[in-house]
Amino acid sequence: MRAAGFGYSGAVKSWRCLQCGWVNPDDAVACADCDKPKPKAKTKRPPPSFRPWRVVVLALDPANRSGWAVWSMGRYVESGECRIYSNPGLDAVKRACESAASLARMAKCPWVVCAEVSWGGRMAVGPSQALGAWRYAVRSAGLPMRRVVEVFPSTWRARVLGGGLHAAKRDVVRKAEVVAASDIAGRTCGGDEAPAVLIGKWGCQAGEVGAVLPERMQKTV
Ligand SMILES: [Zn+2]
């Protein structure tokens, strides 16, 4: 039910310029008075959980050379990287998905996929063949597509790497990723594996992961 008096303002949408206070029609891309562009609507992010979710996370950095990592109940399990355009690569993709699914079966908890989306390619409708290979394997392992969480690099980096690194130069960030991931894995991680390890760490407590779980499964460790 709508609050009294909301009907009219709801029907005629408008936005108020943050610079000069001018009220503009909703379809105006810039303020009619001062030309300042319309502020973008902030997407509400569910807050992270204080404790890891009771969930198995398969984290992906899908590319021709894909990184993957499996985390369970907030703990690192395994990770690797593989070339999608090869039979061993496709086997590795399949095995990673089955590994996550079977861990979840044993722990009697759900599993989710956290996939990085970096070049505007989405896991669900991605133009990239690499995404297609992962998507196929994920579906074959029986995961509903609504359990696929897409994350932008800036989002997971801000939480896992912190320290303003998300704004640093690419190779500086890459190095920091390898150091942080190797520390978790207890061995030197590859450059494509490292982001996946860290995306997994992010996913274990991400509000976005909790949001795709059915309410009765939104439990923490
Ligand atoms: Zn204005």
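Me: H4 and H6 are roughly perpendicular to each other. At what angle do the axes of H4 and H6 cross, and within what distance do they come?

Reply: Two packed helices are described by the angle between their axes and the distance between the axes. The axes of H4 (residues 153-160) and H6 (residues 193-205) cross at roughly 75° and come within 9 Å. Helices are DSSP runs of H or I, at least four residues, numbered from the N terminus. Axes are lines fitted to C-alpha atoms over the stretch in contact, with angles from 0 to 180 degrees between N-to-C directions; 65 to 115 degrees counts as roughly perpendicular. This is a predicted model, in which local features need pLDDT of at least 70, side-chain atom pairs count only at pLDDT 80 or more, and totals for chains, interfaces and linings use all residues. Residues are numbered from 1 along each chain as its sequence is written.

Me: Which residues of H4 meet which residues of H6?

Reply: Trp156, Arg159 and Val160 of H4 meet Leu198, Ile199, Lys201 and Trp202 of H6 (contact: C-beta atoms, placed from the backbone, within 7 Å).

Me: How do the axes of H5 and H6 cross?

Reply: The axes of H5 (residues 170-185) and H6 cross at roughly 65° and come within 8 Å. H5 is therefore roughly perpendicular to H6. Residues of H5 in this contact include Val178 and Ile184, and those of H6 include Val197 and Leu198.

Me: Where is confidence lowest, and where is it highest?

Reply: Mean pLDDT (the predictor's confidence in each residue, from 0 to 100) is lowest in H1 (residues 6-11), at 44, and highest in H6, at 97.

Conventions
Helix = DSSP H or I, 4+ residues; strand = E, 2+ residues; numbered from the N terminus. Parallel < 35°, antiparallel > 145°, perpendicular 65-115°, else oblique. Contact = placed C-beta atoms within 7 Å.
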